[in-house]
Amino acid sequence: MLRLHDHRTGRAEPLPGGQGLRVQVLTDASGGARYRRAVVADLLRRVAERGGRRVRVCCTPPPADDLADYNVQPFEDISLPEADVYVSGAADADALCLVVPDETGGWAAPDALAARLAMLETPYREPLDLSPARVSSARERLDGWRRGVAGWATSPGRPLNREYAREAEAALADDLGGPAALAVLDRLAADPDVPPGAKLETAIHLDLLLGLGLVAAIGTA
């Protein structure tokens, strides 16, 4: 069950019931939605859909920047009168509201998926400085996983490892626990007892949630 931190209670609370989930991304004073807020909303959509929910993510006005490079699916250009979850830079809604501090800092030659990884490496409620060093470190970690996936893809196919998959999914269901889910991916990659084909299927399965493009290097090994 997906649980999210509710600023009104100070605890992680279950989502409202039902098959649908309405998510409203609130813009900042300039009318834009920062990249980190958009990535968090996208991660929420992916995790909720994995749990069988039909999710609408809305933002008015929609972000001026093209978020496709960050693997963020487009938002609907509509304002929901009563959303189930709000994603905002401040606790400015009397409802379940994910408070996501705007990222600070900048980096030369933006690398969108490395930046997405850097965002997932930090709990969404904590401040985040997207310094060049942080994004570069995320890029190295991402490249390592991609090299692993490319190598595993040359081995015979095997079913995914359900233990690792369930552990990562449970971490993400616990208030979008990105750091814990990414640590599962690290341990999967290093586990000598999991066949390469199973590592491949598990990594692909988890990347549908993480949105990091882990298959980008397949065919280069």
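**Close-up views of a predicted model**

View 1. The structure holds 1 cavity of 30 Å³ or more. This model is predicted. The largest cavity takes in about 90 Å³ of space. Helices α1, α2 (112-120) and α5 (178-190) are the elements that each give two or more residues to its lining. Helix α1 gives the most, with 4 residues. The lining includes R36, V39, V40 and L43. Also among the lining residues are M119, L120, Y124, G178 and P179.

**View 2. Helix α1 across the strands.** Helix α1 covers residues 35-50. It lies across β3, β4, β5 (85-88) and β6. Against β4, helix α1 runs at about 165°.

**View 3. An open sheet of 4 strands.** The strand order is β4-β3-β5-β6, and the pairing is parallel. Strands β4 (54-58) and β6 (97-99) form the edges, each pairing on one side only. On average, neighbouring strands are turned by 20° against each other, direction ignored. In general, strands of a sheet pair through backbone hydrogen bonds.

**View 4. Where β3 meets β4.** Strand β3 spans residues 20-25. It pairs with β4 in the parallel sense over 5 bridges. Which residue of β4 is the bridge partner of Q24? The partner is C58.

**View 5. The nonpolar cores.** The largest nonpolar core has 63 residues. L2, L4, F75, V85, L98, L176 and L212 have the most contacts inside it. A second, separate core has 7 residues, including C58, L80, A93 and A95.

**View 6. Around L2.** Leaving aside neighbours within four places in sequence, L2 is in contact with residues including E13, P14 and L15. L44, V47 and A48 are also among its contacts.

Key. Residues are numbered from 1 along each chain as its sequence is written. This is a predicted model: local features need pLDDT of at least 70, side-chain atom pairs count only at pLDDT 80 or more; totals for chains, interfaces and linings use all residues. Side-chain values use heavy atoms; hydrogens and water are left out. A nonpolar core is a set of buried Ala, Val, Leu, Ile, Met, Phe, Trp, Tyr and Cys residues joined through side-chain atoms within 4.5 Å. Buried means under 20% relative accessible area, exposed over 50%, partly exposed in between (1.4 Å probe, protein chains only). Contact means heavy atoms within 4.5 Å. Two strands pair if DSSP finds at least two bridges between them. Axes are lines fitted to C-alpha atoms, for helices over the stretch in contact, and angles run from 0 to 180 degrees between N-to-C directions. On a 1 Å grid over the protein atoms alone, a cavity is a set of points where a 1.4 Å probe fits but cannot get out, and a pocket is an open set with protein on both sides within 12 Å along at least five of seven lines; lining residues have an atom within 4 Å of a point. Grid points are joined across faces, edges and corners, and a volume is the space filled by probe spheres set on the points.
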